[in-house]
Amino acid sequence: MREEFKFLISVPIFADLDGMDIEKIANLGSIKKYRKGNIIVMEQETGASMFIIISGKVKVVRIDQDGREVILTILGPGDFFGEMSLLDGLERSATVVANSKAELFIIHRTEFLDLLHEFPQIATSLLAELTRRMRRADAQIKSLSLKDASGRVANALLMVADDVGMFRKGAAEIEELPLQQDLANMAGTSRETVSRMLHQFVRSGHITLDGTKLTIHNYEAFRKEFR
Ligand code: CMP
């Protein structure tokens, strides 16, 4: 297999496939590079491909007429997006923007649907991940509609911890916390409120901040108290 396609081996939805099958998938797709800020997928457009992140980060957003955005999630290496409109034939459900320099593996609709038929393991992994995303969206809906500022910011931190956190002895460590403006757009609040709440969580001993590294000392207790 060509060096540039080796990353496919560590993509979670392909975890149950052997080397030959992965090679087959490598031959079906192509690789494209994006710069930070590039729009990869636009809400309401028709979708013709799905994407797997090789490197970098993307944010999935919904934007209103005034340009205000709510961040649904930030995805990183190994994650996929763009599958929804291929599965139901409807328009793109959200806009996806490169949040850093990003390199993506792109598979077109027909090849993607063929893969699901040929490898039921991929369909099962895909369903498991879609279920996880739905649970996460449920928690976000609850937080946005029922929680005060501390609950919303705490939920945004928990979402990031669930996605990219390292769990050790009950603590969740986030190596690279998203920008405060991005956290604000996840929590449906202002950057100033995020800043205020982060300081409050530090003072109350729930978290430690060290540059871009954030540690939630007792993940379970924090989740129980705020989510
Ligand atoms: P699609 O609708 O084709 O294009 C936008 C993509 O954003 C969508 O597929 C999903 O891959 C992704 N997406 C939409 N909503 C969410 C969400 N709540 N959580 C994670 N990813 C999402």
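Which helices and strands each supply at least two residues of the lining of the largest pocket? They are strand S4 (58-63), strand S5, helix H2 (84-88) and helix H4 (120-146). The model behind this report is predicted.

## The largest pocket

The largest pocket has a volume of about 650 Å³. It is lined by 24 residues. Closest to its centre are Val60, Leu72, Met84, Ser93 and Arg133.

Helix H4 provides the largest share of this lining, 9 residues. By class, the lining of the largest pocket holds 13 nonpolar, 5 polar and 6 charged residues.

## The second largest pocket

The second largest pocket has a volume of about 380 Å³. Its lining consists of 21 residues. Lys57, Asn99, Leu177, Pro178 and Leu179 are the closest to its centre.

Strand S5, helix H5 and helix H6 each supply at least two residues of this lining. H5 gives the most, with 4 residues. The classes here are 9 nonpolar, 5 polar and 7 charged.

## The largest nonpolar core

The largest nonpolar core has 29 residues. Those with the most contacts inside it are Leu157, Leu183, Met186, Phe201, Leu214, Ile216 and Phe222. The largest share, 8 residues, comes from H5.

Take Leu183, one of the residues with the most contacts inside this core. Setting aside neighbours within four places in sequence, Leu183 is in contact with Ala156, Leu157, Val160, Leu177, Pro178 and Val194.

## Phe201 in detail

Phe201 lies in helix H7. Is Phe201 buried or exposed? Phe201 has a relative accessible area of 2%, so it counts as buried; the cut-off for buried is under 20%.

Which residues does Phe201 contact, leaving aside its neighbours within four places in sequence? They are Ser150, Val153, Ala154, Leu157, His206, Ile207, Phe222 and Phe226. Among these partners of Phe201, Leu157 and Phe222 are also listed with the most contacts inside the largest core. Glu4 lies 197 residues from Phe201 in sequence. In space, the two are 42 Å apart, C-alpha to C-alpha.

Conventions
Residues numbered from 1 in each chain as written. Predicted model: local features only at pLDDT ≥ 70, side-chain atom pairs only at ≥ 80, totals over all residues. Heavy atoms only, no water. Core = buried A, V, L, I, M, F, W, Y, C linked by side-chain atoms within 4.5 Å. Buried < 20%, exposed > 50% of the residue type's maximum accessible area, 1.4 Å probe, protein only. Contact = heavy atoms within 4.5 Å. 1 Å grid on protein atoms, 1.4 Å probe; cavity = no way out; pocket = protein on both sides within 12 Å on 5 of 7 lines; lining within 4 Å. Points joined across faces, edges and corners; volume = space filled by probe spheres on them. Nonpolar A, V, L, I, M, F, W, Y, C, P; charged D, E, K, R; others polar.
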